[in-house]
Amino acid sequence: MERNLSSTIIDVIKINKDAYVLIVPNKLIFLFDATEDDVRAIIEEEQNNIYDLEAQSCVDASFEAELTLIPTLDCNLRCIYCYARGGDDKIYMSKEVAKAAIDAIRKISDAQVLSLHFAGGGEPFVNFPVMDFAVQYARQLFRQVNVAVVTNGIFGREQLEWIVENNVFVRISCDGVAHDYQRPFPDGSPSRTIVEANIKNLVNLNVEFMVQWVITSINVQSMVESVDYFADLGVKILKPEPAHISETCRGSKELVPSPEEFAHNFIEMLKHIVAKDLSLKIDTSYLSRPTVGYYCGVYGANLMITPNGDITACIEITRRSEPLSDVMLYGRLLVDQAKFVFNDTALAKLRLLHFANYSTCKQCPLRLICKGGCPMQNIWECGFSLTRSKYTCQLAKLIIPRVFSLIVEDLRYSEIVFDDFDVC
Amino acid sequence: MKKIVIQWNKKNPNDSGAQSKRLTGAAHPGCCREKGGCPKKHGG
């Protein structure tokens, strides 16, 4: 691995004439009424606190085992921006593949706990029997199985009961006031009524869930309006992300909101949440706990099994016919042997996808937070040249300093965009 | 000078963070959390 972080991993952003934010692994230090000498002194103090982070492995062996199954590429919606063209292929995972994947991870892991995720591809609940089978089978092999599902929200009473019985964490997609236009059924009819009812069901049943909310050029101006809609539904965690249109997506690039528009409306949305004292948290890929880690599990931590038994590093690539599949499909499940085999050449390429290897990120003060952005988006734009997507870079630079400015004005903003932290 | 520190992982402040841990909902076993998967949109 060619990761080589520079000697200092403390970055500084100047918010205004005497306010600064120091970005340190696991820490944000806000300084008010500070001089440059004050900042230098704090940096020195912090550098003494950080021991050799680089010496630590990037893969923590203590992690619980984690497996993602993609039950199908089929889908009961035809979202206009779908990254997977869900529904175009009627390919379903068999119980044999699901069982072999669980057996295979049992063989390579000593963990007592398995995080078992279901994602698309298509809509996982379209192949519900395999999901239920996989959970029950995994429970025979692991002491504890934590289940999560990413769903489009089109499911019935049986699936809802299954979610409750199995304590499933749910990420449900809903596009707010633009939902019916952006997320129709195959015949063009609207899906919002069903999704809305299921969100209310999740609220009433105290299920842990978050709403994935795709922002396009169509709905970017209605972000504030949609926030009220979500708050009224009882949603507690919202995940607004700008649509990304790649070669394999359904939809045209005109759907992508401009970085300025997204950033502006994102900030207005935060202001609205504070002004109305809404009980909402905002989760976005543009903000994360500052660390020296990877953006995601693309470097080989993602064990995502396609319906055919390929192992993909990114959910955007699930078919061998797709571009980049020679690298992104970096392994294969041998079903008859219940064994994973990996392509070392592909893995070596994936492990380079760290911000320390991106030339544009090396001197950027935001690198510990944005972590180089979505690697797949970088690859779509720049191939494997280890170059950052201009789009996500611009957005990070528009959003992160503005969020810090808001926090400097009012600490309540930190409660909206951060979680699981202490204030000292 | 006034100083406010937002600190994660107080028990293990030198944790390198194998991957991006999303700031919100970090306690959830969700799909975009620290141990793999996609912070951006679907999956993982």
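**Packing of two helix pairs in chain A**

H7(A) crosses H8(A) in a right-handed sense in this predicted model. Helix H7 of chain A spans residues 223-233 and helix H8 of chain A spans residues 259-275. Their axes come within 9 Å of each other and cross at roughly 40°. H7(A) is therefore oblique to H8(A), because an angle has to be under 35 degrees to count as roughly parallel.

On the H7(A) side, the contact involves A:Met223, A:Val224 and A:Val227. The residues of H8(A) that they meet are A:Asn265, A:Phe266, A:Glu268, A:Met269, A:His272 and A:Ile273. By class, the residues of the contact of H7(A) with H8(A) comprise six nonpolar, two polar and one charged.

A further packed pair is formed by helix H2 (residues 95-108) and helix H3 (residues 128-141), both of chain A. The axes of these helices are 10 Å apart, and the packing angle is about 30°. H2(A) and H3(A) are therefore roughly parallel to each other, since the limit for this description is an angle under 35 degrees. The crossing of H2(A) and H3(A) is right-handed.

H2(A) contributes A:Lys95, A:Ala98, A:Lys99, A:Ile102 and A:Arg106 to the contact. From H3(A), the contributing residues are A:Val130, A:Phe133, A:Ala134, A:Tyr137, A:Ala138 and A:Leu141. The residues of the contact of H2(A) with H3(A) include eight nonpolar and three charged, with no polar ones.

Definitions and conventions: Residues numbered from 1 in each chain as written. Chains lettered and ligands numbered in written order. Predicted model: local features only at pLDDT ≥ 70, side-chain atom pairs only at ≥ 80, totals over all residues. Axes fitted to C-alpha atoms, helices over the stretch in contact; angles between N-to-C directions. Helix = DSSP H or I, 4+ residues; strand = E, 2+ residues; numbered from the N terminus. Parallel < 35°, antiparallel > 145°, perpendicular 65-115°, else oblique. Left-handed = near helix turned anticlockwise from the far one by under 90°. Contact = placed C-beta atoms within 7 Å. Nonpolar A, V, L, I, M, F, W, Y, C, P; charged D, E, K, R; others polar.
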